[in-house]
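Here is a friendly walk through one protein model, written to be read beside the viewer. Please open the structure and follow along, heading by heading.

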Amino acid sequence: MLYPELNPPFRILLGPGPSMVHPRVLRVMTTPLVGHLDPAFLQIMSEVQVLLREVFRTTNRLTLPISGTGSAGMEAALANFIEPGDSVLICVNGYFGERMCDMAARLDAEVHRLERPWGEVFTPEEIDAALHKHPAKLVALVHAETSTGALQPMEGIADVVHRHGALLLVDCVTSLGGVPVYVDNWGIDIAYSGTQKALSAPPGLAPMTISPRAEEVLKQRKTKVPSWYLDLTLVQKYWGTERTYHHTAPITMIYALREALRVVLNEGLERRWRRHRRNAELLWQSLEELGLELVVPEEYRLPTLTTVRVPEGFNEAFLRRRLLEDYNIEIAGGLGAFKGKVWRIGLMGFSSQRSYVLLLLAALEDILREMRVLPMRANGNGEEEEPVEK
Ligand SMILES: Cc1ncc(COP(=O)(O)O)c(C=O)c1O
């Protein structure tokens, strides 16, 4: 059977990712391919590494994109530094901390969990106390928990972790390019991200950076990294000076990342962080004016991802369906413990635009009126319109 030409609907992507891809990024993705060992491509790879260091705010030599989505970055970050029996401390306050525990357990680590309720964040003192109880080789946390919309404050955390002789691993998937990330100043040893959030490229690469201290730990491993594909000692031979073939680089995605990083740095990181905050604040204030409740206190609310509490007795999927079908706007429901309880609205990269926020708010207001969550507007005859089924 011959299907018709691909023609997916045009959507405004205001969910937890992917975000809208920047038009400049889409354009470079139609650029003809060169080979993955072509001198021209090797030059492009070096440029991507320089740009990535700027965006991560690091001088780490070992900075490169892993082929695969954010979860590949997570798996590479854990698999390269954990050996069987190693003790690790994982901070769990949402879905992605939970995923890290699962991955670390599969690597035969001795996993210790430091837990906070979903939507809350950790203090350096709590991490210190946990490390006194369970000394660990590595402490992992999620900077921007996409499942809850909480932004983990980073001040003082590396000091504690390093005082205990551990490495600090941070998931920056929903923070890099949207909110401040300072890998070197914050003392982060291992950080990874994803291309499909605030960097506004398609999903497919996981930018990653490794401190010299972590490189040393990698060098001292007694066992081979259990994943051949994600073994940084092998991947580095392709991205470093040797340029030895490891796997065929996803050329088009590397083009896309290069352009996405150029877009980020053209705008300027600080300006970009301010834009994300400004648009998020407009969203937060307007949602509260509509009578909706935000889950995370403003103090550590994440500008790239907002969680909104679903009012009691409300069919949350109905609202999302209406937004998608009638307004072409995608937002998401909750994951895990928040399933059915929250909506998740992402304002990441190219999706963080005032016009999109205003469009979403207008659509939400229309739907909430029809659902009688807000009072109905009178129609032209002074009569209320028919309510719709919740
Ligand atoms: C904080 C965080 N970590 C990791 C991931 C996994 O990334 P991916 O879905 O691209 O594999 C996500 C994806 O949403 C995320 O939000």
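## Around the ligand

A residue counts as near a molecule or strand if its C-beta atom, placed from the backbone, lies within 6 Å of it. The ligand is surrounded by 14 residues, and the closest are Thr-69, Gly-70, Ser-71, Thr-146 and Val-173. Before going further, please keep in mind that this is a predicted model, where local features need pLDDT of at least 70, side-chain atom pairs count only at pLDDT 80 or more, and totals for chains, interfaces and linings use all residues. Residue numbers start from 1 along each chain as its sequence is written.

Which helix gives the most to the shell around the ligand? Helix H3 (residues 70-79) does, with three residues; helices (H or I, at least four residues) and strands (E, at least two) are DSSP runs, numbered from the N terminus. The shell divides into six nonpolar residues, seven polar and one charged. Here Ala, Val, Leu, Ile, Met, Phe, Trp, Tyr, Cys and Pro count as nonpolar, Asp, Glu, Lys and Arg as charged, and the others, Gly among them, as polar.

## Two domains

The chain is divided into domain 1 (23-266) and domain 2 (268-370), with bounds that come from an automatic or database domain assignment. Taken over C-alpha atoms, the centres of domain 1 and domain 2 are separated by 27 Å.

In domain 1, 25 residues are in contact with 22 residues of domain 2, contact being two C-beta atoms, placed from the backbone, within 7 Å. On the side of domain 1 that touches domain 2, helix H4 (95-106) and strand S7 (150-151) each supply at least two residues. That side is made up of 13 nonpolar, ten polar and two charged residues.

## Helix H2

Helix H2 (residues 39-56) has 18 residues and reaches 26 Å from its first C-alpha to its last, close to the 26 Å expected at 1.5 Å a residue; the expected span is 1.5 Å times one less than the number of residues. Its buried residues are Val-48, Leu-51, Leu-52, Val-55 and Phe-56. They lie on the same side of H2 because they cover an arc of only 125° around the axis, the arc being that of the directions from the helix axis to the C-beta atoms.

A residue is buried if 20 or more other C-beta atoms lie within 10 Å of its own, exposed if 12 or fewer, and partly exposed in between, with C-beta atoms placed from the backbone. On the other side of H2, Pro-39, Gln-43, Ser-46 and Val-50 are exposed. The cover over the buried residues of H2 includes strand S2 (62-67), strand S10 (205-210) and helix H9 (251-267). Just after H2, Arg-57 takes a positive phi of about 55°.

## Helix H4

H4 has twelve residues and reaches 17 Å from its first C-alpha to its last, close to the 16 Å expected at 1.5 Å a residue. Among its buried residues are Phe-96, Met-100 and Met-103. The buried residues of H4 pack against H3 and several strands, including S3 (87-92) and S4 (110-115). Just after H4, Asp-108 has a positive phi of about 65°.

## Backbone details to check

The peptide bond from Gly-17 to Pro-18 is cis, with omega near 5°. Pro-18 lies in the loop between strand S1 (12-13) and helix H1 (23-28).

Arg-243 has phi near 55°, a positive value in a residue other than glycine, and counts as partly exposed because it has 15 C-beta neighbours inside 10 Å.
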